[in-house]
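Open the model in your viewer and keep the sequence at hand. The stops below say what to select and what is there.

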Amino acid sequence: MKLAPSIYTADFARLGEQIREAEQAGVDWMHLDVMDGHFVPNITFGALVCAAVRRSTNLPCEAHLMVQDPDRFLADFQRAGMQRVIVHVEACPHLYATIQNIRKLGMQAGVALNPLTPLSAVEEALPLVDLVLVMTVEPGFGGQAYISHSTQRVQRMRAMLDRLGVSAELEVDGGISAETIRLVRDAGATIAVVGSAVYSPHHTVAEGVRRLREALAAQT
Ligand code: DX5
Ligand code: ZN
């Protein structure tokens, strides 16, 4: 399973260093949580910080846009060097056009669903995207508890992808820890976003990544 650390809970005063720590620990992607204070009740950062992250790592970067009307900003994220942009189906009334706009800019396209959005809302889009993100918390904040109902949503999304013959990545985001990561892996997720399980004042980045890898490797 691929790991995509979210810098949401990283130490922003030494962001470059924190990203290099994750890279050295052998993670697969960097996950950048962009929040606008409208789609979600919180503000984080925009394309400027994403560009700074991009400059500090060789890892591929994905921007998770928790913003209303993300089309306005897609070119900014392309200029910031993002390999993938993930938009929310709830924020995109013209999702087909948005996916095309992301592709025209040369980036991979992902679509995300909030915890109670019916999976059928993205069914038609699945053959058109590189990734589908099943949120396992309500978006807006790091460090929240995993919503247990999510496990069967991931299973049902896995079945939907397989039925359609779509090889898109199945990503999960929110509350993924050494305790929950096997649940989502066994349910069929292929990428886990990990925030506080990696970036926390209680342990180093290397320890956080090691615990997640050990949990995945455990036999029982
Ligand atoms: C939630 C964000 C997540 C979050 C992950 O709104 O999209 O990426 O920061 O953080 P943890 O892993 O701490 O739930
Ligand atoms: Zn995210």
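Select R156 to begin: in this predicted model, R156 has a relative accessible area of 40%. That value lies between the 20% and 50% cut-offs, so R156 counts as partly exposed. Show the cartoon around R156 and you will find the residue in helix α5, which covers residues 150-164.

Next, go to the nonpolar residues. In soluble globular proteins, nonpolar side chains tend to be buried together. Here the largest nonpolar core has 66 residues, and the members that touch the most others are I7 and M157. Colour helix α7, residues 205-217: this helix gives the core its largest share, 5 residues. A separate core holds 10 residues, including W29, L131, M135 and V193.

Return to I7 and display its surroundings. Leaving aside residues up to four places away in sequence, I7 touches F12, L15, I19, M30, H31, L32, F45, V53 and Y199.

The last stop is ligand 1. For D173, a polar side-chain atom lies 2.7 Å from an oxygen atom of the ligand. With H64, the distance from a polar side-chain atom to a ligand oxygen is 3.3 Å. Finally, show the surface: ligand 1 taken alone exposes 380 Å², and the protein buries 99% of that area.

Technical notes
Residues numbered from 1 in each chain as written. Chains lettered and ligands numbered in written order. Predicted model: local features only at pLDDT ≥ 70, side-chain atom pairs only at ≥ 80, totals over all residues. Heavy atoms only, no water. Helix = DSSP H or I, 4+ residues; strand = E, 2+ residues; numbered from the N terminus. Buried < 20%, exposed > 50% of the residue type's maximum accessible area, 1.4 Å probe, protein only. Core = buried A, V, L, I, M, F, W, Y, C linked by side-chain atoms within 4.5 Å. Contact = heavy atoms within 4.5 Å. Polar contact = N/O pair within 3.5 Å; in protein donor to acceptor, adjacent residues only side chain to side chain. Areas by Shrake-Rupley, 256 points an atom, 1.4 Å probe, with all protein chains shown as cover.
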